[in-house]
Amino acid sequence: MIYGVAPLFCRPWTLNGIQPRLIESHYEHNYGSAVRRLNAVTAELATLDIASVAPQLLGRLKREQASLLNSTLLHELYFASLGGDGRSVPAPLSAALARDFGSVDRWRQEFMALAESLGGESGWIVLCYVPRDGRLINQCAVEYAQGISGAVPILALDMYEHAYTIEFGANQTAYIAAFMRNILWDAVEARLASALNVAPPLKLEQPEFGDLPSIAPEEVRAMMTSGKRVQLIDTRPRHYTTKANEIASGAVWRDPERISEWITTLSKDEPVVTFCVYGFHIGCQSAIALREAGYDARYMRGGHAAWKAIDGPVDLLKQQA
């Protein structure tokens, strides 16, 4: 399993009282680092010989993998939680909060108090919906040590001492073997079928560009690493590039407002990939213009920010006409 970087869901320039540079740094460095480390740990786990590896090593890696996966899921949820008017709660959600917390204000007070309770320690405050109970609940997760966010458990083994010592004493091996012998797989299968009906988190969708071919930053990097020819065009608006000092290695910057002047300098014999800052509009519009002119063009999902989040190589930006 290779985990990919999700495009930045919110539009940083629309936020009230939060500067884009804060969101960009959070996304590119903190979130991107978690995804990269998650892939490294997952790759290391795949190379282990389970029959001979020390259980302590396997346990440490699996705990780290779970922590990193929680980090990526929670970061994606965080970015997807920004971009609206926090004072206005839609009526259906307001009714649900009132049902489960007493009132919207009661929920807000509890949510903020939980945030205060951390007192500078690491952690997350999350509003969760529990399908089993059909209700909302606030959760205080210390660092990333809680269960995988949004997961629906279908099988569990309790390894607390109270689950086995009365009968098995300290013989955990016998207890585990007995548990494995007594799994009700029909019920596990039924829970899996039920879990498959739980809708996954909403993906970033851009209806205006829904039919436009795109490519992930990981795919672009793989193409370049393999030596496959690709024309990588940075179409970030000029006012962004004048404040930036980096560009994806192998890319050239072209002013999207002057596309009619530079479009003929490209080859129609090699694929073209365009990208902007976050992958929302300019990169898409540039790809559309190129495709209409007969080029094999796609836009890179997530744009320059996603390239930075996967730790893609960068060079010093030198603007070109």
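The model is a predicted one, in which local features need pLDDT of at least 70 and side-chain atom pairs count only at pLDDT 80 or more, whereas totals for chains, interfaces and linings use all residues. Residues are numbered from 1 along each chain as its sequence is written, and side-chain values use heavy atoms, with hydrogens and water left out. The chain contains 12 helices and nine strands, these being DSSP runs numbered from the N terminus (H or I over at least four residues for helices, E over at least two for strands). Its C-alpha trace spans about 80 × 55 × 40 Å along the principal axes.

An open sheet is formed by five strands in the order S3-S8-S7-S4-S6, with parallel pairing, where two strands are taken to pair if DSSP finds at least two bridges between them. Strands S3 (214-215) and S6 (251-253) stand at the edges with a single partner strand each, so that one side of each is left without a neighbour in the sheet. S3 is joined to S8 by two bridges in the parallel sense, and isoleucine 215 has methionine 300 of S8 as its bridge partner.

Strand S7 (residues 272-275) is covered on both faces, with Val272 and Thr274 buried on one side and Val273 and Phe275 buried on the other. Toward strand S4 (residues 231-234), S7 is connected by four bridges in a parallel arrangement, and glutamine 231 is partnered there by valine 272 of S7. Valine 272 also stands opposite alanine 297 in S8. Strand S8 (residues 297-300) pairs with S7 over three bridges, again in the parallel sense, and threonine 274 has tyrosine 299 of S8 as its bridge partner.

In the helical part, the axes of H1 (residues 20-46) and H2 (residues 55-80) come within 9 Å and cross at roughly 150°, the axes being lines fitted to C-alpha atoms over the stretch in contact and the angles running from 0 to 180 degrees between N-to-C directions. H1 is therefore roughly antiparallel to H2, a description used for angles over 145 degrees. The crossing of H1 and H2 is left-handed, in that the near helix is turned anticlockwise from the far one by less than a right angle. The residues of the contact of H1 with H2 comprise 14 nonpolar, seven polar and five charged, with Ala, Val, Leu, Ile, Met, Phe, Trp, Tyr, Cys and Pro counted as nonpolar, Asp, Glu, Lys and Arg as charged, and the others, Gly among them, as polar.

Leucine 74 lies in helix H2 and, at 6% relative accessibility, counts as buried. The C-alpha atoms of leucine 74 and isoleucine 148 are separated by 9.3 Å, although the two residues are 74 residues apart along the chain. Elsewhere, aspartate 311 occupies the loop between helix H12 (303-309) and strand S9 (314-316), and aspartate 311 has a positive phi of about 65° although it is not a glycine.

Key. Parallel < 35°, antiparallel > 145°, perpendicular 65-115°, else oblique. Buried < 20%, exposed > 50% of the residue type's maximum accessible area, 1.4 Å probe, protein only.
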